[in-house]
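Please have the sequence and the structure open.

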Amino acid sequence: MEDKLISRLESAVTRLESLSAGGFSRGGDLCRDASAAGPSIAAFDDLISQYVNNVIRVAENIGGQVLDILKIIEEAFNVQKELLVEISQTQFQVLFFLFLSFEFQRSLTLHAQKPDTAGLVAFLKPLNDVVEKMCALTEGRQSEFFNHQKTGADSIAALMWIAYTGKNCGMSMPTAHVEESWHMAEFYSNKILVEYKNKDPNHVEWVKVLKELFVPGLRDYVKAHYPLGPVWNASGKTIATNRGGPPPPQAPAVAQSSSSRPKQGMSAVFDEINSGQSVTSGLRKVTADMKSKNRTDRSGVVCVAEKESHAKKPSVTKTGPPKFELQLGRKWVVENQIGQKELVIDDCDAKQTIYVYGCQNSVLQVNGKVNNITLDKCSKMGLVFQDVVAACELVNCNSTEVQCQGVAPTISIDNTEGCQLYLSKDSLETSITTAKSEVNVLVPASEADGDWTEHPLPVQYIHAYKDGQIVTTPMDHSGG
């Protein structure tokens, strides 16, 4: 038994000594031997083989710019594998920790420490360069494959899960980050599906396999191997961030406020951190003549109007990731769309419902008949639809414009401020229900286009347009 244990120890020591002599440079032994680097690297190889290669195969059927997009995504996955190999050195140490003496453990320099902020930026630079290469495709004059390029640029950001360093790092947790990145990309991928559904099945298949690459592919990989982000070794080897030489001297730690800069993606954050400038270098200094006590043109009295204007300032609420998707073939979900003026749903039928939530300064057009449309907590939202089987409902909205071009049996408006409702000649028999809402109904003044007659509606009543005027009846609140 002792002879067998000694033999295993000698084999382990020989392996570690050879690795220590050869180093862990990129493209070294561990990079070529996934099994030596650990099961997480072997699983990442399987991810590339199963999903990335499948997307490349489909893209080759299309060629051109679409294939170029996938080549960049393939490059990004290969770069991430190399980064994971370096990180996995910490996991490799654990396998031998119980077998090696403390002195021998200290003598080894194989294992990776968690780098500081500057070191992490330098460590992730190769991956960030590939992401920026993809983003550059979407800049300038739009090509005919702009939606493909935007889908690629938004989805490739999912690989930045590797930058997660803890709950205070300003990122979602790795699994959630991957999902949120694909949700951003899905807005543009849905446009591809609508455009090519009856035109070219290769593009439809491209969207399908690309989504599978990130969700469930990359998401499930991260969930299984790095649910809390990369695992570093506090006493391990410092990663050589300049790739080939000794690590650069560490920059002095500077307390940084997440609110001192706008967050516009990981690229902007990395560029600013890597600039080497102090966080407060761009702030204006307060001189003596700028202080309130030294200003003669200011008074300490606050007027009532000013107090009221501050009191009415709406609170800022956190919005979730944007969504534009058909769920289970029955429900269209449009959420958190900001400043999107060309949202279109074409492929719909009378059995489907549409739920619009948290959208601002956007316009949605529905081409076709659906069962029901609901707008919930939307602001400065425009809705244009043709026919609904059941009802169109507005709840908790502000400054909305709704135009019915076909038939709607019921339009319900509840707790909504500033609604402009346009009815076509085919929808004049619509039953309109209002509650706690400010609503103006505009109906065609004549057969000629462009002339409308406006009718403001009182609340808590049911309204119908009959014989050239709005007929209002009280709402019945009978108990069961």
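Helix α8 covers residues 117-136 and bends by about 55 degrees at K125. A proline, P126, follows within four residues of that point. The model is predicted.

Much can be said about burial here. In α8, the buried residues are G119, L120, V121, F123, L124, L127, N128, V130, V131 and M134. In general, an α-helix has 3.6 residues a turn, so residues three or four places apart point the same way.

Next, the cysteines. A search of the whole structure finds 0 disulfides. C359 is in no disulfide, and the nearest cysteine sulfur, that of C378, is 4.8 Å away. C359 is buried, because its relative accessible area is 0% and the cut-off is under 20%. C135 counts as partly exposed, because its 28% relative accessibility lies between the 20% and 50% limits.

Then the strand residue. Y422 lies in strand β9, residues 417-423. Y422 counts as buried because its relative accessibility, 19%, is under 20%. Which residues does Y422 contact, leaving aside its neighbours within four places in sequence? They are E401, V402, Q403, C404, L442 and W452. The C-alpha atoms of Y422 and T453 are separated by 9.8 Å, and the two residues are 31 apart along the chain.

The accessibility values are set out below.

| Residue | Relative accessibility | Class |
|---|---|---|
| Y422 | 19% | buried |
| C135 | 28% | partly exposed |
| C359 | 0% | buried |

Conventions: Residues are numbered from 1 along each chain as its sequence is written. This is a predicted model: local features need pLDDT of at least 70, side-chain atom pairs count only at pLDDT 80 or more; totals for chains, interfaces and linings use all residues. Side-chain values use heavy atoms; hydrogens and water are left out. Helices (H or I, at least four residues) and strands (E, at least two) are DSSP runs, numbered from the N terminus. Buried means under 20% relative accessible area, exposed over 50%, partly exposed in between (1.4 Å probe, protein chains only). Contact means heavy atoms within 4.5 Å. The bend at a residue is the angle between axes fitted to the seven residues ending there and the seven starting there. A disulfide is a pair of cysteine sulfur atoms within 2.5 Å.
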